[in-house]
Amino acid sequence: MFLLFSLPLASIAVALFHANGATLQATAVLLAVLLLGWWADLRSHVIDQSLYYAGYQVRVQTLDALLSGTRMAATLVAMIVTKGNLNVALLLAAAAALGRVPFIDRWSNSEFPDRHEPVLAERKFVREMTLRQLPVEAIYVLQPQMILLLLTLKLGTTEIAQFGALSRLTQVMLPVNAVLTAYLIPRFARQNRRLVSTFFGLLGIVALPGIILVAISVLAPNWLLWLLGRNYQNLHTEVMWAAAVTLLATVSGAAWHLLANRGFTRYASIQIPMNLAWCGFAFFFWPIDNLQEVFLFQGGFSVTLMTSVALEARAALTPREGAQVK
C-alpha cells in the first residue's frame with residue numbers, strides 16, 4: 001500500500017512544486033522529508049494498535065505527548081532563530097515521527113517476540129482484508145480533495161481560506177479520537193457480552209464533546225471564532241455548521257471503527273458508489289454558493305459512512321448473515 005500510494009503522490013508533488021517555481025534543490029529536500037515522515041509512520045503507526053490491545057496505552061500516549069511537546073518547543077526556537085524557515089519546521093516534524101520508531105519497535109519486540117514468524121493463515125486473512133478495504137481507503141483520501149475542488153470551482157479564495165480556518169475546529173476532537181483508538185476500540189473488540197448496549201454507550205461517550213462543541217457554537221460562537229483569529233469573527237452561522245459536521249463525522253467514524261475492529265467490513269465498499277454519486281450530484285446539479293452548502297456536502301460523506309455502519313450492524317444482528325450479537 002505504501003508503494004502503491006506514495007509513488008503517484010510523490011510524482012504529483014514534484015509536478016506541483018515545479019509548476020509553482022520551486023527549485024530542484026528545494027523539491028528534493030521537501031520530497032525527502034515527506035518520504036521520511038511516511039516511512040516513520042509506516043514503521044510505528046501500523047503496529048501501535050497491537051500495543052493498545054496489549055495494555056501499552058499509557059506508554060504510547062506518554063511517548064506521543066513528550067514527542068509533541070519537544071517538537072513544539074523546538075519549532076518555536078527554530079521560528080525565532082531561522083525566522084520561520086519551512087524546511088526546518090518540516091525536518092522537525094520528520095524527526096518527531098522518527099523518534100517514535102525505536103520505542104514502538106522495542107515494545108513490540110518485547111510483547112510479541114515471535115511477530116516475525118510467518119503465519120500463513122493470518123497473512124492470508126490480513127491480505128484479504130487489506131485488498132477489500134483498499135478502494136474504500138482511497139475514497140477516504142480523496143474526500144477532502146473533492147471538497148477543495150468544489151470550493152475552487154464554485155466559490156473563491158476567500159471561502160477556501162474560511163473553510164480551512166473553520167476546519168481547524170476538528171482538532172478539538174483529537175483527544176476524543178486518541179481515547180477512542182487507545183481505550184474504547186480495544187475494549188469493544190475484546191468484549192463478548194452486551195455488545196449492542198456497549199456500542200451505543202461508547203458512541204455516547206464519543207459524541208458528548210462534539211455535542212458540547214455544537215452547543216458552544218450556537219450559544220457562544222465568538223469563543224470558537226476567537227480561536228480562529230480576528231479575520232473570521234463574522235462567521236457565526238458557518239461555525240455552527242462546522243461544529244455540526246464535526247460532530248457527525250466523529251460519531252460516524254467512531255461507529256465504523258468500532259465495528260471494523262470486530263471484523264465487520266462486509267459492506268464497506270458500498271461507500272464507493274454512494275460517495276461518487278454524491279460528488280457527481282454536487283458538482284453538476286447543485287448550485288453551491290456559500291460555505292453552509294459546502295459543509296452540507298461534507299456531511300454527506302458521513303451519511304454514506306453511517307449507511308455502511310447500519311448495514312454492518314444489521315448483518316451482525318441477523319443470524320443468517322453474521323454472528324448473532326446480544
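Me: Why is Trp39 called partly exposed?
Reply: This is a predicted model, and in it Trp39 has a relative accessible area of 36%. Buried means under 20% and exposed means over 50%, so a value of 36% makes Trp39 partly exposed. Trp39 is found in helix 2.

Me: What does Trp39 touch, leaving out residues up to four places away in sequence?
Reply: Trp39 touches Phe2 and Leu98. Contact means heavy atoms within 4.5 Å.

Me: Which label does Ser50 get, buried, exposed or partly exposed?
Reply: Ser50 is at 35% relative accessibility, so it counts as partly exposed. Its place is in helix 3, residues 48-53. The C-alpha atoms of Ser50 and Ile211 are separated by 31 Å, and the two are 161 residues apart along the chain.

Me: Why is the pair of Phe163 and Phe295 called tilted?
Reply: Rings pair if their centres lie within 6.5 Å. By this rule the count comes to eleven aromatic pairs. The ring centres of Phe163 and Phe295 are 5.2 Å apart, and their planes are at 35 degrees. Planes under 30 degrees apart count as stacked and over 60 as edge-to-face, so an angle of 35 degrees makes this pair tilted.

Me: What makes the pair of Phe163 and Phe295 tie together parts that are apart in sequence?
Reply: Phe163 lies in helix 7 (residues 157-167) and Phe295 in helix 13 (residues 291-317), so the pair ties together parts that are 132 residues apart in sequence.

Me: How do you know whether Phe163 and Phe295 are buried or exposed?
Reply: The cut-off for buried is under 20%. Phe163 is at 7% relative accessibility, so it counts as buried. Phe295, with a relative accessible area of 2%, is buried.

Me: Why is the pair of Phe199 and Phe200 called edge-to-face?
Reply: The ring centres of Phe199 and Phe200 are 5.3 Å apart, and the planes are at 80 degrees. An angle over 60 counts as edge-to-face, so the pair gets that label. As for accessibility, Phe199 counts as buried at 10%, whereas Phe200 is exposed at 54%.

Me: Which residues do ring pairs link into a cluster?
Reply: The cluster consists of Trp278, Phe281, Phe285, Trp286, Phe297 and Phe301.

Me: How do you know that Arg262 lies over the face of Phe188?
Reply: Arg262 is at 5.5 Å from the ring centre of Phe188. The cut-off for distance is within 6 Å, and Arg262 is listed as lying over the face of this ring.

Me: What makes up the largest nonpolar core?
Reply: The core has 28 residues. Those with the most contacts inside it are Ile147, Leu151, Phe163, Leu166, Val294, Phe295 and Phe297. The elements that give two or more residues to this core are helix 6 (120-154), helix 7, helix 10 (221-228), helix 11 (236-260), helix 12 (271-285) and helix 13. Helix 13 gives the largest share, five residues. Apart from this core lies another, of 24 residues, among them Leu180, Phe188, Leu202 and Ala316.

Me: Why is Ala255 called buried?
Reply: Ala255 has a relative accessible area of 0%, so it is buried. It is found in helix 11. Leaving aside neighbours within four places in sequence, Ala255 is in contact with Phe199, Leu203, Met306 and Val309.

Me: What is noted about the phi of Arg194?
Reply: Arg194 has a positive phi of about 50 degrees although it is not a glycine. Most residues other than glycine have a negative phi. Arg194 is found in the loop between helix 8 (174-190) and helix 9 (195-219). With a relative accessible area of 57%, Arg194 is exposed, because the cut-off for exposed is over 50%.

Me: What lines the second largest pocket?
Reply: The lining has 21 residues, of which Asp41, Arg71, Ala93, Ala94 and Ala97 lie nearest the centre of the pocket. Helix 2 gives the largest share of the lining, eight residues. About 430 Å³ of space lies in this pocket.

Note on methods
Residues numbered from 1 in each chain as written. Predicted model: local features only at pLDDT ≥ 70, side-chain atom pairs only at ≥ 80, totals over all residues. Heavy atoms only, no water. Phe/Tyr/Trp six-rings, centres within 6.5 Å; stacked < 30°, edge-to-face > 60°. Helix = DSSP H or I, 4+ residues; strand = E, 2+ residues; numbered from the N terminus. Buried < 20%, exposed > 50% of the residue type's maximum accessible area, 1.4 Å probe, protein only. Lys NZ or Arg CZ within 6 Å of the ring centre and 35° of its normal. Core = buried A, V, L, I, M, F, W, Y, C linked by side-chain atoms within 4.5 Å. 1 Å grid on protein atoms, 1.4 Å probe; cavity = no way out; pocket = protein on both sides within 12 Å on 5 of 7 lines; lining within 4 Å. Points joined across faces, edges and corners; volume = space filled by probe spheres on them.
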